[in-house]
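Subject: Structure handover and findings

Hello,

Here is the structure you asked about. Please open it alongside this message.

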Amino acid sequence: MNRPDTVSAGGSSPADGSRTTLRHGRLGVIGVVFFVVAAAAPLVGMTGAVPIAIVLGNGAAAPGAYLIVGLTLLLFSVGYSAMSQRVTNAGAFFAYIGRGLGANVGLGSAFVSLIAYVAIQLAIFGFFGGLMAGQMGALGLELPWWLWTFAAWAVVTVLSLASVDVGAKVLGALMLLEVLALAITAVAILFDGGPEGYDFVASFSPQAILVGGLAGSAGIAFAFAFASFIGFEATAIYGEESKDPKRIVPRATYLAVGLITVLFAVTAFALVTGMGASRVVEATVEYSTVDGVPLADPAAVLFSLATEYVGGWMATVMSVLVLSSLFAGLLAFQNAAGRYVFALGRGGVLPGRLARVNVKGAPQSASLTTSAVTGVVILLFTLFQLEPILNMFYWFSGLAVVAIVLIEALVCLAVVAYFRRNKGAEGVFTTVIAPIVAFIGLLIGEYLLMSRFGLLAGTTAEGVDPSVTPWGLSPLGWFLIALPFVVLLVGYLYSRVVAPENEDFIRDELS
């Protein structure tokens, strides 16, 4: 497996005249943050995950669960950012793991990361199509979900072929509107104080956060919190295209994680305050019940509170911004998946033609390949008449978050191993303490995600109540949670047997 020719920024391969290097100097700190926060889709998390974490999880302490998960990921960011000082590569996760734990493990993790990003993109495609069809149908425009999904697929594909800063500007505009709507609503509720005032003890005390134990209700809240943060780790993917990766990636990582944590914790606390801590579970059930089914419409919780404390116009705005938030997530993950495919092509793991970029510096071949894969899956779901939200969204989002947390845990181990062999100015907290604490937190998070996978992905065995019984999975559920681990093992064995000498795919591209 020979590595394709690479050249300086904007140059050409002498072999075939095609460009094989991403264009440098296109993104600053804010541009990278736009991609990352858009991928996290905070408005979608607030309308989807937080109400479920309240009702099935730890009630008024759901904001505390989000805060704990955010702090865990900040600790993860310490070692992650330190690695970004040593290695700049569009395949950030697998490049870091490969440098720390060896190229064989790195290759296995590369395929897991790729599955994760394609899966979350497919999940969002399903959610977008289903939600768009519902909202447009209410206005009298009855069109099938797959038509809206393919329309978004086409637009996202075109934008992914533009210069990366064009995508950042689109995401920036959408993200700012989304964050502004959440901030206005949270401030209005907190300014009012709600029916019971502020109850910080009910939301942030350790005993409240851990009520029911990790095997029970607290574990459910943590599982949904971990699922809500997916996408924050994409900062290093854009290192090659940033103006100064050694400076920008760490700053963007801390800023993105900090912003997402504050946004989730504060807005969730505002929801609790708006309903009253003592009756937040009952109120959430009341707002979200449709035809006697609790949590059938979790978005109604935020929309109802926005109407009460801000005005009906805010609920209307938010219903539109949920769609723009999903679209922003689609573009962000399209870019992330495309750059992973590009990095694997450039490193000789995948065909070299996937490493070609267009005149705008975008990874054209890789982006088109990513779109081809997602397009085929969307078509299959359409032909087999599967549901866009109940099937496509839940199945693929559950798979993606299990895969991402697995890779994050491996990154923590890789940081420790790498800096033991390559000592520098970094302190023991950066290279040992923070990564190990984060690894423990991520390991717990992975267990919680897997044990509650039936609740996350809707893949419980017949007759099992997933809110009460962990691990009660259907065959599909067991397949989905096992898939990342199987792919990791297969990739590792493949690397050892077929290409033990290939380490180009994990090298530092901007050393």
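Below are the findings, grouped by region.

First, the ground rules. This is a predicted model, where local features need pLDDT of at least 70, side-chain atom pairs count only at pLDDT 80 or more, and totals for chains, interfaces and linings use all residues. Residues are numbered from 1 along each chain as its sequence is written, and side-chain values use heavy atoms, with hydrogens and water left out.

**The largest pocket**

The largest pocket holds about 1,400 Å³ of space. Its lining has 50 residues, and the closest to the centre are Gly-48, Phe-127, Pro-298, Phe-393 and Tyr-394. Two or more lining residues come from each of these elements: helices H1 (29-40), H2 (42-56), H5 (103-138), H10 (217-228), H13 (299-309), H14 (312-346), H16 (388-421) and H18 (453-457). H16 gives the largest share, eight residues. By class, the lining of the largest pocket has 34 nonpolar, 13 polar and three charged residues.

On terms: a pocket is an open set of points on a 1 Å grid over the protein atoms alone, with protein on both sides within 12 Å along at least five of seven lines. A cavity is a set of points where a 1.4 Å probe fits but cannot get out, and lining residues have an atom within 4 Å of a point. Points are joined across faces, edges and corners, and a volume is the space filled by probe spheres set on them. Helices are DSSP runs (H or I, at least four residues), numbered from the N terminus. Nonpolar covers Ala, Val, Leu, Ile, Met, Phe, Trp, Tyr, Cys and Pro; charged covers Asp, Glu, Lys and Arg; the others, Gly among them, are polar.

Phe-127 lies in helix H5. Phe-127 counts as buried because its relative accessibility is 16%, and buried means under 20% relative accessible area, exposed over 50%, partly exposed in between (1.4 Å probe, protein chains only). Which residue lies 262 residues from Phe-127 in sequence but 5.2 Å away in space, C-alpha to C-alpha? That is Ile-389.

H13 is mostly covered, with eight of its eleven residues buried. Among them are Ala-299, Val-301, Phe-303 and Tyr-309. Tyr-309 has 17% relative accessibility, so it counts as buried. Its C-alpha atom is 5.9 Å from that of Ile-189, 120 residues apart along the chain. Gly-311 follows H13 and has a positive phi, near 150°.

**Cavities**

The structure holds four cavities of 30 Å³ or more. Helix H11 (residues 245-275) gives the largest share, three residues. The classes in this lining are three nonpolar, three polar and two charged.

**Surface**

Leu-210, Leu-214, Ile-436, Ile-440 and Ile-444 form a nonpolar surface patch with about 410 Å² of accessible area together. Patches take residues with over 30% relative accessible area and no salt bridge; nonpolar side chains (Val, Leu, Ile, Met, Phe, Trp, Tyr) are joined within 5 Å, like charges within 9 Å. Areas come from the Shrake-Rupley method with a 1.4 Å probe; for residues, only the protein chains shown count as cover. Ile-444 sits in helix H17 (residues 428-451). Ile-444 is partly exposed, at 38% relative accessible area.

How many salt bridges does a search of the whole structure find? One. A salt bridge is a side-chain nitrogen of Lys or Arg within 4 Å of a carboxyl oxygen of Asp or Glu. Arg-279 and Glu-286 form it, at 3.6 Å, N to O. Arg-279 is partly exposed at 37% relative accessibility, whereas Glu-286 is exposed at 55%.

**Positive phi in loops**

Most residues other than glycine have a negative phi. Gln-385 has a positive phi near 55°. Gln-385 lies in the loop between helix H15 (364-383) and H16, and is exposed at 71% relative accessibility. Trp-471 also has a positive phi, about 65°. Its loop runs between H18 and helix H19 (475-498). Trp-471 is partly exposed at 28% relative accessibility.

Best regards
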